[in-house]
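I begin with a question about orientation.

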Amino acid sequence: MASKISSHEFTTALKNPDIRFFIGSVGLFTLGSRALAVVIGFQIYKITHSAMALGWLGLVEAVPALSLVMLGGYVADHFSRRKILLITRASSCVCGLGLAALSMQSYAHSLTGLYSVIFLAGIARGFADPATTAFEAQVVPKTMTAHASSWIGSAWLGCSIVGPAIIGFVFDAWGACSSYLLITGFFVLSWVSTVAIGPKPQVMPEHKEPFLKSVSMGWHFVLGHQPLWGAMTLDLIAVLFGGVIAILPIFASDILHVGAKGLGLLNAATSVGALSTMLYAAKHPPIARAGRNLLFTVAGFGVSILIFGFSKNFLLSLVALALSGVFDGTSMVIRRSMVRLLSPDDMRGRISAVSWVFICSSNELGAFESGMVAAWIGAVPCVTVGGAVTLAVVGLTACIAPQLRQLRFDPQTMERVYLP
């Protein structure tokens with residue numbers, strides 16, 4: 001069950017200026033990246049009218065991100081995480097300008113060029129994702145973990161709503177080039193917010209092992225802790241098969257007939273639901289019975305995806321996606337808290353990298369899987385099969401991972417509670 005905390009504790013995290021700047025950095029970057037996902041997806045589908053082209057888009061970003069994320073985790077544990085974020089945020093600004101340049105004239109609508117820039121963005125992501133998660137632990141004191149994570153997650157989700165919602169209108173009114181320039185502006189502001197965070201003490205490994213041995217330590221730690229690998233695997237399978245974001249352009253154009261504006265709203269609906277539950281979780285962290293709550297929320301996510309798959313009504317589709325966000329938002333709070341609370345300080349980057357391997361696999365490879373299966377059997381069957389697979393995996397995980405099922409934390413001390 002969720003555990004209530006006092007109003008004073010609820011707002012304590014926001015009184016810390018570095019936490020506020022970190023929230024701004026994450027939020028503004030999310031504003032740009034989520035808007036970018038809408039524009040690049042709609043632009044490529046408008047050019048190709050191909051579900052597989054959308055699938056390839058996810059794969060193009062996933063390959064470098066997955067290939068480099070373990071190196072990124074190693075780098076995050078051995079070098080300044082703040083500097084890593086500054087470099088990768090700057091790279092995102094360059095990628096935004098590159099996409100704008102490619103979209104300035106109609107003859108420049110080169111799929112190769114668009115895919116190439118997204119590939120470069122994937123390289124930056126391979127280093128940015130583990131550094132962001134690990135740097136959060138330096139900025140946020142341990143006792144503020146649950147409700148600070150909720151505030152950070154709420155900012156991420158709020159910007160996930162605003163970015164897709166407004167960019168569809170910008171795209172329809174002024175085109176892709178102007179959309180990418182606006183997105184680049186968000187990336188610049190994110191970089192400025194990161195600069196405003198002062199340097200933080202960072203625990204470095206006492207002994208610098210060879211790279212492969214150092215990376216393997218992160219994997220050994222995760223695989224040796226059933227709650228961690230159970231939660232990561234559960235999220236991986238649920239999003240890999242149950243995620244629908246990559247093929248939303250098909251639903252917006254061919255099934256619901258709502259165009260770019262409707263696509264932006266469909267993308268935002270998931271985040272609206274997740275934001276509402278994250279704001280609630282900021283005051284009522286769902287970590288007292290973290291394992292049980294995680295299983296319930298992923299099951300609810302699967303049911304919501306099934307409803308969306310069968311829907312032919314735009315409003316019902318919006319509601320279904322919003323419900324999927326409610327469940328996914330709760331799951332996100334629990335998983336972020338678990339990775340933070342169960343990871344030793346000197347291995348946080350490498351463990352975060354392992355977590356991001358699962359996240360990248362589920363999101364980007366899930367996008368490729370969705371595009372491929374949608375091209376094979378159709379968008380609607382693809383979504384409904386994914387929802388059913390998600391429910392089956394929840395049941396299997398509950399059976400084979402009892403330590404995850406029984407995982408609890410004390411909401412006041414943030415220490416793990418062991419059952420007698």
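How are α2 and α9 oriented to each other? I first recorded what I was working with. The model is predicted, and local features need pLDDT of at least 70, side-chain atom pairs count only at pLDDT 80 or more, and totals for chains, interfaces and linings use all residues. Residues are numbered from 1 along each chain as its sequence is written, and side-chain values use heavy atoms, with hydrogens and water left out.

**Entry 1: α2 and α9**

I looked up helix α2 (residues 17-48) and helix α9 (residues 248-255), whose axes come within 10 Å and cross at roughly 55°. Helices here are DSSP runs of H or I of at least four residues, numbered from the N terminus. Axes are lines fitted to C-alpha atoms over the stretch in contact, and angles run from 0 to 180 degrees between N-to-C directions. The two helices, α2 and α9, are therefore oblique to each other. Angles under 35 degrees count as roughly parallel, over 145 as roughly antiparallel, 65 to 115 as roughly perpendicular, and the rest as oblique.

I noted that α2 and α9 cross in a right-handed sense. A crossing is right-handed if the near helix is turned clockwise from the far one by less than a right angle, and left-handed if anticlockwise. On the α2 side the contact uses G41, F42 and Y45, and on the α9 side P249, I250, S253 and D254; contact means heavy atoms within 4.5 Å. By class, I found 4 nonpolar, 2 polar and 1 charged residues in this contact. Ala, Val, Leu, Ile, Met, Phe, Trp, Tyr, Cys and Pro count as nonpolar, Asp, Glu, Lys and Arg as charged, and the others, Gly among them, as polar.

**Entry 2: α2 and α5**

I then followed α2 to α5, where the axes are 12 Å apart and the packing angle is about 160°. Accordingly, α2 and α5 are roughly antiparallel to each other. Their crossing is left-handed. Among the residues that meet are F22 and V26 of α2, and L114 and Y115 of α5. The contact of α2 with α5 has 12 nonpolar, 3 polar and 2 charged residues.

**Entry 3: α11 and α12**

Next I looked up helix α11 (residues 290-310) and helix α12 (residues 314-341), which cross at roughly 160° with axes that come within 8 Å. It follows that α11 and α12 are roughly antiparallel to each other. The crossing of α11 and α12 is left-handed. Their contact includes T297, V298 and F301 of α11, and F327, D328 and S331 of α12. I listed 13 nonpolar, 8 polar and 2 charged residues there.

How many cavities of 30 Å³ or more does a search of the whole structure find? I found 3. The second largest cavity has a volume of about 60 Å³. Its lining consists of D235, A238, V239, T297, V298, F301, F327, D328 and S331. At least two lining residues come from each of α8 (226-242), α11 and α12. The lining of this second largest cavity comprises 5 nonpolar, 2 polar and 2 charged residues.

Residues including R81, K142, R340 and D345 line the largest pocket. Both α5 (111-139) and α12 supply at least two residues of that lining. The lining of the largest pocket has 4 nonpolar, 3 polar and 5 charged residues.

On a 1 Å grid over the protein atoms alone, a cavity is a set of points where a 1.4 Å probe fits but cannot get out, and a pocket is an open set with protein on both sides within 12 Å along at least five of seven lines; lining residues have an atom within 4 Å of a point. Grid points are joined across faces, edges and corners, and a volume is the space filled by probe spheres set on the points.
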